[in-house]
Amino acid sequence: MKRSRAAAKTAAAAAPATKAVQQPAHKQPAQQQPQRLQKDAKSANAKARAKSLLLKGAEEDPRANDDGDDDDEYEFDTINADDDDEDEFEDDDEDAEAEAAGLDDDEDDDDTFGDDVEDFGEDDDEDEDEEDEDEDDEDGDVFPQVPSLRVARSNSSASSKSSKSSKSSKSSKGFRTLRRQDRPGIEPNYDSDTSDEETHNTVGNVPMEWYDEFPHIGYDIDGNKIMKPATGDELDAFLDAMDNKDIWRSVKDKTEGKDVVLSREQLDMLNKIHKSEFPDSDFDPYAPTVEWFTSKTEVMPLSAAPEPKRRFIPSKHEASKIMKIARAIKAGLILPGNKKPAKADRPKVYDIWESAPDELERPNHIPAPKMRLPEHMASYNPPAEYLLTPEEEAQWKALDPEDRPHDFLPRKFSSLRSVPAYDRFIQERFDRCLDLYLCPRVLKNKLDIDPESLIPKLPKPQDLQPFPTNLSIVYRGHTARVRSLGVDPSGQWLATGSDDKTVRIWETATGRCVEKFEFPTHVMAVAWNPNKGVSLLLAAIDTDVILLVPTRINFNLQEATHDLLSEIWNHERDSTGSCQWIKPTEAEKKLGYAVRLSLPKTVTTLTWHKKGDYFASISPDAQSNAVQIHQLSTGRSQTPFRRTKGMILNVLFHPNKPILFVATQRFVRVYNLAKQELVKKLAPGAKWISSMDIHPGGDNLIVGTYDKRLHWFDMDLSSKPYKTLRFHGAAIRDVSFHKRYPLFASSADDGKVLVFHGMVYNDLMQNPLIVPVKTLHAHKVVDHLGALGVEFHPAQPWLFSCGADGDVKLYC
């Protein structure tokens, strides 16, 4: 083709006159033919260059133009591409002669196309086009057939349009050229995405379960059914798993119905996805940070506008301030050069918050809790089921204000204008303000902790038996609340004191009332002498302490008891003391009095020493004489304290040492009676202590309080409670330890008696084991009082309780 084009160019240059003669009248003049031949030569070179670029992936064409024209400005897109440059045109000589004669089809292309886009027509010979198409078929259709791009032409000459229309049938195909920046280069080694991969099955992204009932699995690209591959049974699968070494990395392709073996790259990708890593092996998660925004301050301003004029004119506002200061200086209000007085020169005032922490160290503001939303009962027209009956209203009024479930009585009104003013509005607002003012509020940080891990691992209650579980006997006979009870050292007899002015002695095994003592007033407390050699009972009645000797029990001990009491009158006593030992009269002897002790104030509590020779009485209103210690063998009484710190509510003797536990309202003080000094001060942190009891070992103490808490103190550890138990819903009235078994119990105004397992180990490095084992619903609540007293049997794991309902119960 190169040779034929060169020959055509030479022939055209040698015969310009001949072309002028043979050119029709509507063609261009003869002086323009050399320029036309040069253009045709450029067209031939452009065709060859376009074909070479398409076949070699848009590489640089070695066959550049010899005339030095800038042909690199374009790249070409052709319809029929062929590898053979020599056979593209057969009749090169005839083409050259046609070009020399001026009969080429593209003679007007110079005038119709601009510089950006050029359209080069093909040869006029139809046979040549057919031959090119045959050659393309033989070469395997390197590139697909693309329809030619025709560019609309603008021509001002009507004659050119008419001449062009006659040739349009022969120029239906051609080349088009675009600038390089308009189309990216061709990449022959480009790997397509996986989303563009073509599979043999063309059903698309549909559930393969739709083909479960059909013999085929889909359709190929021609629409033919793809039959399901043969599947073996379990034996075939097992043999395949044993023989096929790639079975471990094979997956089932549901679309094709066959197994696909994963490549090493795919396995690495799956392994990275499983480890939550980036699948791409070339990705660097620790790549250096790209500084998109520089940290250097730019010198150039954001705006290059000139400075406004107002910045160069003095400010009137500043001038007025300066004049104001100048007038103050003239008037003497401001003294130039004088510094402000130092802080030491200022007058000191008392600051109540001087010791408070700095403002920066104070916690953030904590909002007040929101008030509870009103319920249906608070409506002016509540439903009928929320209205109280007269009996319920009377019960509501009888309750204390803090025990009432609601602060108001629901009322029903016909309309809103009939509702009167709320009489407790000011009081409730004042109480809320008082609560917000006095109650501290702190921010609580929520911790992500498993609740199960906070529960201590305790043994099962079945493993801690024996302990009382079932009601065995009910001792009935008292007509009022039973305040106190006591068990004799043998455990055979039970004594109870009640508000019905009687003291009854019961047989524990049968529940039979053996003897009854009547008194003129309420019985506050009873206590049985722990000495097994005597049969003596103490009873606190108003300001007197009565020593009783039962006449119907322990007949063999009655004589020894009377002999012991008769020795009292053989010793001299101080008649000026606050306690008087008095012989009973004949009338009192008939009532069962053996000895009567007269005290200045009401006696509320009695307690014996372990040996049975000393006992203590408590009169809380007697101030310095609140605690009286009495010696039975000598008939003497003494006051251990000249003055007391607070109201004394209970006292207790240590079982082995000369130590006395004294419980006031908030503290328990431990005194050494031999050295007459304070040993320890226990602080349970309660508002009001009600009762206490000492462990038989003497190293542990339990304290019951009216604020529903039971405190366990380990005397060897600290003055703070070792354990605080919150199981009662009302005030605790009495606590008691068992003398032999690791058990202790508490009774409260909610009518319940709680039994605990309290094991104290001899190893000082091991803490006591405290486990609640049983809740006994012992007594009914009467006038806000429930179970008032509790005590264990001295030898058996039995528990006695008394309550405000007048019953005494035994649990075994």
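A salt bridge is a side-chain nitrogen of Lys or Arg within 4 Å of a carboxyl oxygen of Asp or Glu. The exercises below apply this definition to a predicted model.

**Exercise 1.** Determine what links D246 and R249, and how many salt bridges a search of the whole structure finds.

*Solution.* Step 1: the closest N and O atoms of D246 and R249 are 3.6 Å apart. Step 2: the cut-off is 4 Å, and the pair forms a salt bridge. Step 3: across the whole structure, the search finds 14 salt bridges.

**Exercise 2.** Describe the salt bridge between D499 and R481, and state where in the chain each residue lies.

*Solution.* Step 1: the two side chains meet with an N to O distance of 3.3 Å. Step 2: D499 belongs to the loop between β9 (493–498) and β10 (502–507), while R481 belongs to the loop between β7 (471–475) and β8 (482–487). Step 3: the residues are 18 apart, and the pair links distant parts of the chain. Step 4: D499 has a relative accessible area of 11% and is therefore buried, the limit being under 20%. R481, at 22%, is partly exposed.

**Exercise 3.** Identify the salt-bridge partner of R483, and name the network in which R483 takes part.

*Solution.* Step 1: R483 pairs with D499, their closest N and O atoms being 2.7 Å apart. Step 3: R483 has a relative accessible area of 32%, which makes it partly exposed. Step 4: salt bridges link R481, R483, D499 and D783 in a network.

**Exercise 4.** Locate M524 and list its contacts beyond its neighbours within four places in sequence.

*Solution.* Step 1: M524 is part of strand β12, residues 523–528. Step 2: its relative accessibility is 25%, so M524 counts as partly exposed. Step 3: with those neighbours left aside, M524 is in contact with R483, S484, A540, V603 and T604. Step 4: the C-alpha atoms of M524 and T602 are 9.1 Å apart, although 78 residues separate the two in sequence.

**Exercise 5.** State which residues form a nonpolar patch with L239, and whether L239 is buried or partly exposed.

*Solution.* Step 1: L239 is found in helix α8, residues 234–243. Step 2: L235, F238, L239 and M242 form the surface patch, with about 430 Å² of accessible area together. Step 3: L239 has a relative accessible area of 41% and is therefore partly exposed.

Notes: Residues are numbered from 1 along each chain as its sequence is written. This is a predicted model: local features need pLDDT of at least 70, side-chain atom pairs count only at pLDDT 80 or more; totals for chains, interfaces and linings use all residues. Side-chain values use heavy atoms; hydrogens and water are left out. Helices (H or I, at least four residues) and strands (E, at least two) are DSSP runs, numbered from the N terminus. Buried means under 20% relative accessible area, exposed over 50%, partly exposed in between (1.4 Å probe, protein chains only). Contact means heavy atoms within 4.5 Å. Patches are made of residues with over 30% relative accessible area and no salt bridge: like charges are joined within 9 Å, nonpolar side chains (Val, Leu, Ile, Met, Phe, Trp, Tyr) within 5 Å. Accessible areas come from the Shrake-Rupley method with a 1.4 Å probe; for residues, only the protein chains shown count as cover.
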